[in-house]
Amino acid sequence: MSEQKIALITGANRGIGFETARQLGQQGIKVLVGARSAENGKEAETKLRNEGFDAEFVLLDVDNETTHASAAKYIEETYGKLDILINNAGIWIEGFENGAPVPASRTTVDIFRKTFDTNFFNTIAVTQTFLPLVKKADAGRIVFLSSILGSLGLHSDPASPIYNYKVPAYNISKTALNGYAVHLAHELKDTNIKVNAAHPGSVLTDMNANGDLSLEEGAKTSVALATLGTDGYTGRFIHLGEELPW
Ligand SMILES: NC(=O)c1ccc[n+]([C@@H]2O[C@H](COP(=O)([O-])OP(=O)(O)OC[C@H]3O[C@@H](n4cnc5c(N)ncnc54)[C@H](OP(=O)(O)O)[C@@H]3O)[C@@H](O)[C@H]2O)c1
């Protein structure tokens, strides 16, 4: 079994996932760059290696369970364990009309299903496939990239800054993901594994053209949750060290 810490980040070829890989690499952690495109994944691997980090592309399409199994088999055979799993890959496929998101009454079931497939159901499938490998690590860490937009507490509060930011399928997929994080954390509470949900902030990426945080800031919450010490918490929803309401 590898002595070095091994981290797998889904959707690590660009955006917050790529920067998370870079920051974990800076800590001497071996980063497995999960990507659904071999071309983009290898390009990300090369960039990280050129910066001096121990990075390796692993083919992982969240929406294709065959790739979950092949990636897990490879990691098992090569490293024997997985210390960190960061479920970072996510999609936002909803459109806007007249500058506002399509409301809940008219967001199609097809949009809900596609969004939930990637952000929720298939993220659960990834987690379940890799959990046996995380259990083999001394102190496993599982991070779910959620969003403050998944917070029902804030969506119900007229004083909250996100009160009027109702993007139904995306937001509710993150609410559901939060629910899964809470349940998995509870199941694993008496183990060495910590499971937490991250809100990265509003980060300027391809997904969020209005983001006001840099990638560097945006990756910090994922990195902090991935590297929590043995006295760290589990089952929380965190943004830059602050707890958010579910
Ligand atoms: N940016 C923000 O302000 C913000 C705020 C809150 C939460 N988040 C969450 O943070 C995470 C990263 O967001 P981001 O802003 O970095 O997004 P992004 O720039 O759009 O990058 C998304 C990443 O996910 C990958 N991905 C999407 N579907 C995939 C699939 N089926 N299998 C494998 N990879 C897949 C993409 O791969 P391809 O290149 O192949 O498409 C890409 O690498 C997401 O979960 C997002 O919901 C972001």
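Val 143 of β7 is the bridge partner of Ile 86, with helices (H or I, at least four residues) and strands (E, at least two) taken as DSSP runs numbered from the N terminus. Four bridges join β4 to β7 (residues 141–145), and the two run parallel; strands pair if DSSP finds at least two bridges between them. This is a predicted model, in which local features need pLDDT of at least 70, side-chain atom pairs count only at pLDDT 80 or more, and totals for chains, interfaces and linings use all residues. Residues are numbered from 1 along each chain as its sequence is written.

Strand β4 (residues 84–87) also runs parallel to β1 (residues 6–9), to which three bridges join it. Here Ile 84 is the bridge partner of Ala 7. Both faces of β4 are covered, with Ile 84 and Ile 86 buried on one side and Leu 85 and Asn 87 buried on the other. A residue counts as buried if 20 or more other C-beta atoms, placed from the backbone, lie within 10 Å of its own, as exposed if 12 or fewer do, and as partly exposed in between.

Turning to helix α2 (residues 38–50), its buried residues are Gly 41, Ala 44, Glu 45 and Leu 48. They lie on the same side of α2 because they cover an arc of only 100 degrees around the axis, taken from the directions from the helix axis to the C-beta atoms. On the other side, Glu 39 and Asn 50 are exposed. After α2 comes Gly 52, with a positive phi near 95 degrees.
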